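Please open the model in your viewer and keep the selection panel at hand. The stops below go from one selection to the next, with a short account of what is found at each.

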Amino acid sequence: MKKTVNQKAWFLVLPVLLLVGFSAVIPLMTVVNYSIQDTFGNNVFFEVGLEWFEEVLHSERLHDALGRQMLFTGIIMVIEIPLGIYIALHMPKSGFWASVCLVLVSLPLLVPWNVVGTIWQIFGRTDIGLLGHTLAAMGVEYNYTQDVLSAWITLIVMDVWHWTSLVVLLCYAGLQSIPGAYYQAAKIDQASKWSVFRYIQLPKMMGVLLIASLLRFMDSFMIYTEPMVVTGGGPGNATTFLSIDLVKMAIGQFDLGPAAAFSLIYFLVILLMSWAFFTIMTNIDKQEA
Amino acid sequence: MAKITLSNLAHSYISNPKSEKDYALRRLNHEWEDGAAYALLGPSGCGKSTLLNIISGILTPSEGRILFDEDDVTFADTADRNIAQVFQFPVVYDTMTVRQNLEFPLKNRGADPKYIQQRVASIARSIQVEDILDKKAQGLTADAKQKISLGRGMVREDVNAILFDEPLTVIDPHMKWELRTQLKALHKELKHTMIFVTHDQTEALTFADKVVVMNEGNVVQIGTPEELFEKPAHTFVGYFIGSPGMNVFDAEVTGNIANLQGNKMELKQTHKKLSGKTELGVRPEFITLCEEGMGIKIDIVRVEDVAHHKIVRAIYNNKDVNIIVPEDVIITPTMNNMTFDMSRVNVYVNSWLVEGEEIS
C-alpha cells in the first residue's frame, strides 16, 4: 500500500502527547529533578549529581524494606493464586447459586482500600475487635500492634481476603469458556479429576492466570494504604514496606532528594520485575504450546 | 463392538410432557447393527443430537431403554459405556503431543505400556498421523485435530461404537472430502459401529450404509441411500434428500389412474380407495421436459445451468416444479410440457408413502 507523506499529521497526535506530558512525563521529571539536587532550605537548590542514588542504593533501610516487600509479595501470591484456582474450580457453573457466589466473591473487591484497612484494624483489636478479642479469650497470644508475627499474619490474611477474589473471578471466567465437549471427551477417556485439571482446565486458564499473577504482583508490590492503616509499618519497622518507607522519607522527614532517588529506583524495580515476570510466564506458556 | 438396541425410547426436556409436541425425541424402536455405518440425517432441531446424546450417555432418556448387546445401559455413565465420540469441533488435549493424546485413554485404563505402544503405532498408521506423532497437538490444523480425536476413540479395541457429532463442520471444504473418504476406509478396515450425525445429505449419503432420516423428533425413514432416493417413505424425506428435492403434486388416485387437476395418467400400481390428502411424488430426475402437446403444460420461470445438468424451475398449478434436464439437451421456447417416468412415481397419503399392488 502506498502511504501519503503528510507531516501535518503529527498535529493529530499532539493532544495525546500533551495529555501524557501533563499526566506522566512532567510529574516524573520533577521527581528526576529532585533526585539530583539538595537544599538547605529557603528554596535554594544545588546539584549533587548521583549522590542520592548512591546513598539510597547502599542504604540498609532500603534493603530491609525491599526484603520485607519481596517476602510479603511472595507469601500472598503463593496463597492467593492456588486458593483462587481452587475456589474457582468449586464454584457452581450455572444457575441461581452461581450468581450468588459471584456477588459474594466480588464484594471484597468493591471495598475501598482504606476501608479494608480500617475493617481489619478494628477486627483485629484485642479490646473491641471480634477476631482479636475472641483469640485473646481463647488464650492465643495475638496482638498486631506489638507482636511481629501477629502483624504479618494480619496483613497477609487481610490481603488474601481482599484480593483472592480477583484471581477467583479471572479463573472462573477462564473455566467458563471451556466447552462442555472437553469434559465429555475426558469422561469417555476415563480421565481422572487430576488429569482433567492438568490437561484441560489448567492449560485453558494459563492466559488469565498470567494476567492475574501479574496484577497481583504489581499491586502487592506497591501496597500502601492497607498496611498503613492497620499497622502503620510497625511494630518497629516490621511491616514497613517499600511504599510506606518512601512516604515516611518524602513526607515525614521531607528528605526530597533521597526520596526522589528512592522512588525512581522503586519504579525501575517494579518495571524490571514485571517485565521479567511477564517474559518468564509467556515463555512457559509457549513451551506448553 | 456391539449391537445397539433402542427399545421404546423417547425423550422430553420438559419434566411433565403432555402432548407429542413436548417430546424432543418421539417413541422409537431401532436396532443398530454391529459393525454398520449409520448416518443420522435431519435439519437442525430434529432431535438427532438428542438421540446421539442418549446413546453416548450425556442424557438419560425419559422413557424406554437402550441396550448394548444384551446389557441395559440406560442409566450407565458415559465412562462405562465404552463408546467413543468425535465432536463438532476438535477436542484434543492441547498441551500433550499427538502420541500422548492417543495413549491417554489406554493409560487411564491402566493398560500395559508395551501394548499401548503397539496399539498407538497401529492407530497412527490407520489415521495417517505417524509423521506428527511427537508434535504438540495445539498447533495442528483442524482436520488433523479431528483425526486425533477420532484416533483417541479408536485406540480402544473394545469400543462399542464411535459416535460422530457433525465432525466435519469446522473442516475446510477440500479436506472434508478427504477426511470422509478416510473415515469410510477406516470403517472398512476396522468394522466399528459408527453413527454419524449430520445435516448435510452428501455427507450422510457418501458415508453411511444406512441413513436414518429424522424430522421433528420422529425417525421418518431408515434405509440405504438408494431407498431414500427412490422410495422416500415420507414427503419430507423426498424434499430433504436430493438437490433439488422431490416434486409433490396434489392428485386424486382411483385404481391405477392418477388425476392431476384434469391431467390423467396411468400409474404402475393400483391402489384401493385412499382416504386423506393424496399426493404424487416425482423426483426432478424423473421428469422429462418435452414439446408442447406431448405432456402436461407448465410455465417455465428460469433455467439454471449447474455444470453437469440443467435445473428447470417451473410452475404448475401455482406450485413450484423442478426438472433436471441433461446437459446436452437444448431447451427451446416450445418445450413447455412435462412427462413423468411413471415407474418412478410414488403415491403419498397424508405425506406418508403408500404402496399399491403391482399391475402384472
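Begin with the contact between the two chains, to which chain B contributes 21 residues and chain A contributes 15 residues, two residues being in contact if their C-beta atoms, placed from the backbone, lie within 7 Å. On the side of chain B that touches chain A, select helix 2 (78-81), strand 6 (83-86), helix 3 (98-108) and helix 5 (142-154) of chain B, each of which supplies at least two residues; helices (H or I, at least four residues) and strands (E, at least two) are DSSP runs, numbered from the N terminus. Coloured by class, this side of chain B shows 10 nonpolar, 7 polar and 4 charged residues, where Ala, Val, Leu, Ile, Met, Phe, Trp, Tyr, Cys and Pro count as nonpolar, Asp, Glu, Lys and Arg as charged, and the others, Gly among them, as polar.

This is a predicted model, in which local features need pLDDT of at least 70 and side-chain atom pairs count only at pLDDT 80 or more, while totals for chains, interfaces and linings use all residues. Residues are numbered from 1 along each chain as its sequence is written, and chains are lettered from A and ligands numbered from 1 in the order in which they are written.

Next, select chain A, which has 12 helices and 2 strands, running from the N terminus as α-β-β-α-α-α-α-α-α-α-α-α-α-α. The radius of gyration of chain A, taken over C-alpha atoms, is 24 Å, well over the 19 Å that the globule rule (2.2 Å times the number of residues to the power 0.38) gives for 289 residues, so chain A is more spread out than a compact globule. Its C-alpha trace spans about 80 × 75 × 30 Å along the principal axes.

Finally, colour chain B by domain: domain 1 (4-13 + 21-240) and domain 2 (247-358), with bounds that come from an automatic or database domain assignment. Their C-alpha centres lie 38 Å apart, and the contact between them takes 6 residues from domain 1 and 8 residues from domain 2 of chain B.
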